[in-house]
Amino acid sequence: MADKSLDGSSSGEDIRYDHKWGFTDTYFKLNPDKTVTVTGSRYALSGTVMHEFLPFVEEMLDIKLDYDNLKPIVQEKPVPPARLNDDFYQAVQTQLSPEKVSVDDRQRLIHSHGQTTADEVYKVLYGALDRVVDMVLFPESQQDVELIVELAGQHDVCLVPYGGGTSVSCALQLPQNETRSIVSVDMRRMNKILWIDHENFRAGVQAGISGKDLEERLERVGYTSGHEPDSLELSTLGGWIATNASGMKKNKYGNIEDIVESVTMVTSNGIIEQGPAMPRQSLGIDPKHVAFGSEGNLGIITSAVIKIHKLPEAKKYGSLVFPTFQKGTEFLYELSQTGTLPASIRLLDNIQFRFGSALKGEPTRMEAIVGDIQKFFLLKVKGFDPNELCAATIVMEGTQEEVNYQSKLINRLAKRYGGIAGGSTNGQRGYMLTYAIAYIRDFLTDFHIIGETYETTVPWNKVQAVIDAVAAQVEQKHKEYGLPGRPYISPRITQLYHTGVCIYFTHGFSTMGVENPDEVFSKIEHTLRETIMAAGGSISHHHGVGKIRKDFMKHAISPAATQLIKEIKQANDPQNIFGIRNNVFAESTEPELAAE
């Protein structure tokens, strides 16, 4: 039976920005004295007055910020007239209640892009999108979704599933050659926990629920899903499945494919689902797997059965400082072979370590004294190079006994590689900084700075080769395009596997005086993905393919595998109702798809 406490909104009213990342109560505010303050009270950084933030940016990019020449956002954003399919419009108006149908220009624009920096956010803020959806629908039930898909088939319109709008792979970028009416189906009103099986630790959940709401509602009755991506506050369960997502605590709880036991997806050919959820089944080819990584190409995910866990008895943050990134990586390698991993452990390079320090406020007198002692110990006693040292942030969850064992094991192994404990406060602060990264991206764009993150999986023996290759390519491209100052490029290791790791790269540069900087950035990003894969990395770890990585699919899967995927699509959606054209469908035209 569903618990009443599982329904309704999360605490407080979360008003999102229309086009930028995050909530409107939070932004990085430039003060008259050139310090920066984070507004609101939502995050650990909120209220912090940062004196070193902008000087650090100037140092890293080798530029001087022009405070009198901020990049102006287009206030009156161009929205072309809706290309309505009149018969479909009349049908949904008749058969859905009025509040579920919108042709409002603001809603259409909001639903026409994700959060890919250069190809989407940059365009909508400072220019114009190439294509805008023609209508937005807001289903509130399984029956609503089934009706929408049925009507779309009858009237030949293109449906685009919309979850949290957090895609950074251009998966929400609309095909320019689509001549039909494009309808965005916003799933966020389907946000309920339908039921909880307390005895068997699983829950039935609607796909439009955000990670933030899911965790808050589960916590009220003593549970967690354990899935905690960087986009937790905004992304949805359906989006996690559609992109094959991973979370920061995957070591303990698994990736999304480990968390989800069954999926319900509405397609133009009917409903794909299984019987009762089971711990594991040998069904032959399991139909639920077509939903994982489907990226909107096959149907609309409406609900799933997920594993849930009792809230951990104990939770402990930690941090370590290593003399070099290489030593930190060697430590992670040995830790991964022990079979005992903390819920999360991430290794930050020297640049991100220093960036984290630049985001701190003015220390109290006691904090300054302690900081001086720590610096003296690291730099003078241990002989660490301030431009080489790096840090790891750690989260341990479980029983008190488990946490104590993990803590002792981690500290003992770290000492073999010169690691020194940095304390729980630094660990917690470093872990929570993840939620500020996209806000920082949007703030720095005002200063003509463009940036993005790239992720990949890499075998253990190629970690350093991939990092070195990317760093070299970034420098080379920066010079080739004659860009100002120097580039910012910084890796971090975020997830561990038995056979390798996930590496996150943060890359940015000043665009002052650069013509068409978004196009330049996209070209460089494309080259960097080539570099990553040539050096031994994967096409993606969890962001997915979308359209931004479509050119690399021929290196990721065989021609026969590509054909199999296309034949599944053709058999299940011959009209191409789900015509967002991601992944192997990105370059297809409608006649070509029909011919296949």
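**View A. Arg 180 is buried, at 7% relative accessibility.** The model is predicted. Arg 180 counts as buried because its value falls under the 20% limit. Its partner is Asp 156; the two side chains meet in a salt bridge, 3.2 Å from N to O. Asp 156 sits in the loop between helix H5 (142-155) and strand S6 (158-162). Arg 180 sits in the loop between S6 and strand S7 (182-186). The pair therefore ties together parts that are 24 residues apart in sequence. Asp 156 is partly exposed, with a relative accessible area of 32%. That value lies between the 20% and 50% limits, so Asp 156 counts as neither buried nor exposed.

**View C. Arg 416 and Glu 334 form a salt bridge between two helices.** Their side chains meet at 2.3 Å, N to O. Arg 416 belongs to helix H13 (residues 400-416), and Glu 334 to helix H10 (residues 325-336). The pair links distant parts of the chain, 82 residues apart. Arg 416 is exposed, at 53% relative accessibility. Glu 334 is partly exposed, at 21%.

**View D. Salt bridges with shared partners build one network.** The network joins Asp 14, Asp 25, Arg 42, Lys 212 and Glu 216. The count for the model comes to 26 salt bridges.

**View E. Seven strands form an open antiparallel sheet.** The strand order is S18-S15-S17-S16-S20-S21-S19. Strands S18 (420-421) and S19 (449-459) stand at the edges. Each has a single partner strand, so one side of each is left without a neighbour in the sheet. Strands of a sheet pair through backbone hydrogen bonds.

**View F. Strands S16 and S20 run antiparallel, joined by two bridges.** S16 spans residues 344-348, and S20 spans residues 488-496. Which residue of S20 is the bridge partner of Leu 347? The partner is Ile 493.

**View G. Helix H17 lies across strands S19 and S21.** The helix covers residues 517-534, and S21 covers 500-510. H17 runs at about 15° to S19. S19 is also one of the edge strands of View E.

Note on methods:
Residues numbered from 1 in each chain as written. Predicted model: local features only at pLDDT ≥ 70, side-chain atom pairs only at ≥ 80, totals over all residues. Heavy atoms only, no water. Salt bridge = Lys/Arg side-chain N within 4 Å of Asp/Glu carboxyl O. Helix = DSSP H or I, 4+ residues; strand = E, 2+ residues; numbered from the N terminus. Buried < 20%, exposed > 50% of the residue type's maximum accessible area, 1.4 Å probe, protein only. Pairing = 2+ DSSP bridges. Contact = heavy atoms within 4.5 Å. Axes fitted to C-alpha atoms, helices over the stretch in contact; angles between N-to-C directions.
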